[in-house]
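Take a look at the protein shown here. The report after it walks through the fold piece by piece.

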Amino acid sequence: MKILTFTGRTPSEALKKAKLAIGDDGMLIETREVQKKALGREALYEIVIGIEENQQNNTTKHNTYTNSSKPLNKQKPIMKESEEVLFDISNAAKQISKIADVTDPFYEYGREKSTPSTYEPKELKDIKSEIAKLGDKVKIIQNMFWDEKAPDMQSSIPSEFAEIYRLASQSGMNKDHLDGIMRMTLELMPFKMKENSATVKRYFQTLLRKMVPIRLETVPSVGNKKVIMLVGPTGVGKTTSIAKLAARYSFLMQKKYKVGLVVLDTYRIGAVEQLMQYARMMKLGIETVVDPPEFASALNSLRYCDYILIDTMGSSPYDKGKIEKIYECLDANDTEFSVDVVLVMPSSIKYEDLKVTYDNFDSLNVDTIMFTKLDETRGFGNIFSLAYETKKPISYFSVGQEVPEDLVCASSDFLVECLLNGFNRSKV
Ligand SMILES: Nc1nc2c(ncn2[C@@H]2O[C@H](COP(=O)(O)OP(=O)(O)OP(=O)(O)O)[C@@H](O)[C@H]2O)c(=O)[nH]1
Ligand SMILES: [Mg+2]
């Protein structure tokens, strides 16, 4: 059975389109609201139609779908509440045609824009198109094992999408996100582009880039300062990242900023010593805080700095006591400086664990996320999904142990490149 989807501003409009395209023979499988009506935005409904491939030419048939034993013209669309995630993907996907410039009438499969004046003999075009199709067939064979897993979406994903689906699902991306993106891509992507895996990949890349929230780095304006606190589980690279940031701000940027350090991790002598060493090497002021009331005075004594970087004790996401202690420090901050809370998490753990960690630290009002240990992982879909799900922007990536060089300012291009093609140090 072939699965087709049709959309419309109402379920009946979608149904009409289906009837126009395939007559009365299709079986209505599902009706979904994929986008809610909102101010200045139409609602969008999708109906899913099953059609026997050998009966596409108006031959009557029966199938096993309970709601679809009647011909299409006798079936009433059924309403089903859609998931929130689809709304966003839908919006993102709609913008892609403009952003990716994919509606360009001169766009040709598998290559960048050409102009109408670039003459190419028809035979050559045919040969190129055949080669592209052949390439896709090879990819389908390579991706055969993907079929065995039989994801819910599988029957409706055309073969040209097989490679991108495999790449994304192996990356550790949350399945609901991936299926949602696939559904929207299939529906909203310009028809011509769906026929070639190279254009599918390009479209998909643009869509993913659009979906990752990123906080671009800004420097303090004159007379102002930035106070940045790194929080997160134990051993994720907070102290190392503080050292990298301190080096970056104090001598790697165009302007040399005054940087001061604060350490809240006073339970472990080793932790204080680790940061003290960096402070000595870079000749930076450092303050230690034992009890929450001392936090404000530590900030006050570093008020001559442009940047104040605060290292905290690592805590298991389940250790509410330690997180509470950090909260008390933030709460005791009666200075005029607001603290940017950066949650540091390793990219080497799966999406579900990232989400649990995020949920537990979010009581600290996390502003941005820094992902570390990108050099220790193969898949990056977990990071993508976490940022997408929480809508929390990513500010930095840590890509190794070396201070200060293994730090990268976050960009969606970099993340999507890692996700689809793997981490490549030479591209940092
Ligand atoms: N491979 C790799 N190792 C890293 C990275 N960032 C930090 N590390 C290493 O991870 C280990 C722990 O780093 P720390 O900076 O001490 O981690 P932390 O979060 O401060 O740890 P606690 O203070 O114990 O919670 C060290 O061996 C670092 O060199 C990274 O991006 N990649
Ligand atoms: Mg530490």
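## Ground rules

This is a predicted model, in which local features need pLDDT of at least 70, side-chain atom pairs count only at pLDDT 80 or more, and totals for chains, interfaces and linings use all residues. Residues are numbered from 1 along each chain as its sequence is written, and chains are lettered from A and ligands numbered from 1 in the order in which they are written.

## Overall build

The protein has 14 helices and eleven strands. Both are DSSP runs, numbered from the N terminus: helices are H or I with at least four residues, strands are E with at least two. The protein holds 428 residues, and 38% of them count as buried. A residue is buried if 20 or more other C-beta atoms lie within 10 Å of its own, exposed if 12 or fewer, and partly exposed in between; C-beta atoms are placed from the backbone.

Contacts come next. Two residues are in contact if their C-beta atoms, placed from the backbone, lie within 7 Å. Take the contacts with a separation of 6 or more: 75% of them join residues 24 or more positions apart.

## Around the ligand

Which residues come nearest to ligand 1? They are G237, K238, T239, T240 and G314, out of 19 residues around the ligand. A residue counts as near if its C-beta atom, placed from the backbone, lies within 6 Å of the molecule. Helix α8 (residues 238-252) gives the largest share of this shell, with three residues. By type, the shell has three nonpolar, ten polar and six charged residues. Here Ala, Val, Leu, Ile, Met, Phe, Trp, Tyr, Cys and Pro count as nonpolar, Asp, Glu, Lys and Arg as charged, and the others, Gly among them, as polar.

## Two nonpolar cores

A nonpolar core is a set of buried Ala, Val, Leu, Ile, Met, Phe, Trp, Tyr and Cys residues joined through C-beta atoms within 7 Å. The largest one has 87 residues. Inside it, A246, L261, L309 and F384 have the most contacts. Domain 2 (84-211) and domain 3 (226-427) each supply at least three of its residues. Those domain bounds come from an automatic or database domain assignment.

Leave aside neighbours within four places in sequence, and F384 is in contact with M173, L208, V212, L415 and L419. A second, separate core has 13 residues, including F6, Y45, V48 and I49. V48 sits in strand β3 (residues 44-51). It is buried because 20 other C-beta atoms lie within 10 Å. V48 and T5 are 43 residues apart in sequence, yet 4.6 Å apart in space, C-alpha to C-alpha.

## Strands and a helix

Strand β8 (residues 339-346) is mostly covered, with seven of its eight residues buried. It runs parallel to strand β4 (residues 226-231), and five bridges join the two. V227 stands opposite V339 in β8. Five bridges also join β8 to strand β9 (residues 368-372), again parallel. M345 has F371 in β9 as its bridge partner. Strands pair if DSSP finds at least two bridges between them.

Helix α14 (residues 412-421) has buried residues F414, L415, V416, C418 and L419. Among the elements covering them are α7 (197-211), α13 (381-390) and β11 (407-409). After α14 comes G422, with a positive phi near 90°.

V263 lies in strand β5 (residues 259-263). Is V263 buried or exposed? It counts as buried because it has 24 C-beta neighbours inside 10 Å. V263 and T312 are 49 residues apart in sequence but 6.1 Å apart in space, C-alpha to C-alpha. Beyond four places in sequence, V263 touches V272, L275, I286, T288 and D311.

The peptide bond from V403 to P404 is cis, with omega near 5°. P404 lies in the loop between β10 (394-398) and β11. Two residues other than glycine have a positive phi:
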